[in-house]
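Please examine the structure shown here, and follow the account below from its loops to a helix pair and a ligand site.

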Amino acid sequence: MLSYAEANNIIANEIMKINLEIEEVDLLDSLNRILAEDVYADVNLPQFDNSAVDGYAVKYNSEILKWKIVGEITAGNYNEIDVDENSAVLIMTGSKIPSACNTIIPIEDVTTEDEFVKFIGNTKYKPGQNVRKKAEDIILNELAVQRGTRILPQLISLLAACGKNKVKVFRQLKIGVLATGDELVDIHTSPKEDKIRATNLYTLLALIKQLYMIPVNYGFVKDGKDEIKIRIESALNDKIDILLTTGGVSVGKFDYVKEVIQELGVEIKFWKANIKPGKPIVFGVFEREGKKKLIFGLPGNPVSSFVNFIIFARDNIKKLYGMDEQKVKARLMSELHKKDNKRHFIRGSIQKDNASNQYSVSLIGSQSSGNMVGMSKANCLITFEEEKDNLAHGDFVECIMI
Ligand code: AMP
Ligand code: MG
């Protein structure tokens with residue numbers, strides 16, 4: 001059986017071969033996508049010296065405490081006004097400042113009397129105060145945003161300021177999900193007797209959405225070889241990059257997925273990895289007319305399929321897009337023991353101690369691979385390596401954020 005690292009290498013190798021074409025989308029549609037071009041400033045930012053406050057623009061001289069108001073400028077309505085050391089212009093935030101002025105006195109620091117404005121008390125200023133200088137943020141033609149950056153809302157203003165009404169981004173992968181099992185009913189029905197709701201279908205679709213990839217819901221199918229074959233074949237005929245199935249990949253009598261995909265011409269790259277949970281995973285590549293589709297046959301246990309997706313699919317897709325890994329080292333707040341030589345992924349709850357800036361991680365309740373309540377409380381997976389059989393309280397462990 002392959003180790004985690006061997007299995008992961010095989011998957012990583014295939015995922016890194018996926019061709020990420022570039023598409024151009026409207027600025028708003030670029031949210032959460034990965035930028036596929038370097039964006040340069042097509043203007044200076046700020047474009048002109050402007051006021052950071054509502055106040056009075058003056059040519060500052062520390063000896064002068066009173067000025068004659070000689071005009072006013074509002075944002076977007078500049079007019080050139082002659083100013084000397086004894087005069088001031090009422091100016092609003094963001095307005096271009098008169099060329100003779102170098103300092104803005106905030107409205108809160110002055111009083112007005114007829115056409116004069118004077119300091120309250122004897123406040124001292126430095127020349128240049130409250131002026132936002134032309135090009136102090138970014139200079140015309142300077143690199144503003146680097147290719148590979150995730151477009152978050154806080155980046156939108158800079159892209160907009162650079163005139164990007166259209167943005168080049170990498171395309172999103174289309175990932176289909178098909179659940180298998182005679183026991184499955186859809187989540188809006190009440191499960192009778194020995195039926196269960198097809199929860200994995202929704203978990204996997206949610207994981208795909210969280211990655212900002214495009215989920216395709218293929219629903220669920222009974223444990224019949226022919227039915228499964230028809231559904232997988234039809235999914236493989238769709239324009240998807242990856243197909244995830246859940247259930248039916250173990251050694252049970254009705255676990256047909258591996259056999260079926262093999263019959264459909266999928267090249268099985270491996271079956272089973274030396275991990276817990278999620279050991280029965282099967283991974284293959286379907287190639288037609290030079291185009292490849294990757295197939296992950298994930299086990300049916302809710303925690304197993306979740307963990308498999310995170311460690312094998314999510315983290316490699318993130319790598320493909322150049323996104324950061326979500327791993328941190330944390331101090332383990334309990335002991336852990338195991339007797340096998342598998343790599344375990346233990347559901348944990350990680351916290352950051354703000355004083356020490358260190359992470360600590362404790363175990364959440366049940367570690368059963370069927371327990372959704374336990375999984376719902378976890379915010380990380382603790383890695384418990386193959387060769388170790390004990391982890392002591394206080395040991396540093398690697399945690400994969402989920
Ligand atoms: P299997 O991998 O098909 O042997 O299924 C292992 C366990 O996962 C069984 O208890 C199944 O009932 C359960 N299971 C299978 N598919 C799903 C699903 N889509 N949602 C929730 N549980 C499932
Ligand atoms: Mg099954």
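The model is a predicted one.

Asp114 is located in the loop between strand S8 (110-113) and strand S9 (116-119). Its phi is near 50 degrees, a positive value in a residue other than glycine. Most residues other than glycine have a negative phi, and most peptide bonds are trans. Two cis peptide bonds may be set beside that rule: one runs from Leu45 to Pro46, with omega near -10 degrees, and another joins Lys276 and Pro277, with omega about -5 degrees. Pro46 belongs to the loop between strand S2 (39-40) and strand S3 (50-51), whereas Pro277 lies in the loop between strand S19 (275-276) and strand S20 (282-288).

The next feature is a helix pair. Helix H3 (residues 199-210) packs against helix H6 (residues 302-320) at an angle of about 20 degrees, and their axes are 10 Å apart. Angles under 35 degrees count as roughly parallel, and H3 and H6 are therefore roughly parallel to each other. The crossing of H3 past H6 is right-handed. On the H3 side, the contact includes Leu204, Leu207 and Ile208; on the H6 side, it includes Phe306, Phe309 and Ile310. Classified by residue type, this contact of H3 with H6 has seven nonpolar, four polar and no charged residues.

Finally, ligand 1 is surrounded by 14 residues, and Glu183, Asn200, Gly248, Gly300 and Asn301 are the closest. Thr199, which is also among the H3 residues that meet H6, has a backbone N or O atom 3.2 Å from a nitrogen atom of ligand 1. A polar backbone atom of Asn200 is 3.1 Å from a nitrogen atom of the ligand. For Asn301, a backbone N or O atom lies 3.1 Å from an oxygen atom of ligand 1.

Definitions and conventions. Residues numbered from 1 in each chain as written. Chains lettered and ligands numbered in written order. Predicted model: local features only at pLDDT ≥ 70, side-chain atom pairs only at ≥ 80, totals over all residues. Heavy atoms only, no water. Axes fitted to C-alpha atoms, helices over the stretch in contact; angles between N-to-C directions. Helix = DSSP H or I, 4+ residues; strand = E, 2+ residues; numbered from the N terminus. Parallel < 35°, antiparallel > 145°, perpendicular 65-115°, else oblique. Left-handed = near helix turned anticlockwise from the far one by under 90°. Contact = heavy atoms within 4.5 Å. Nonpolar A, V, L, I, M, F, W, Y, C, P; charged D, E, K, R; others polar. Near = heavy atom within 4 Å. Polar contact = N/O pair within 3.5 Å; in protein donor to acceptor, adjacent residues only side chain to side chain.
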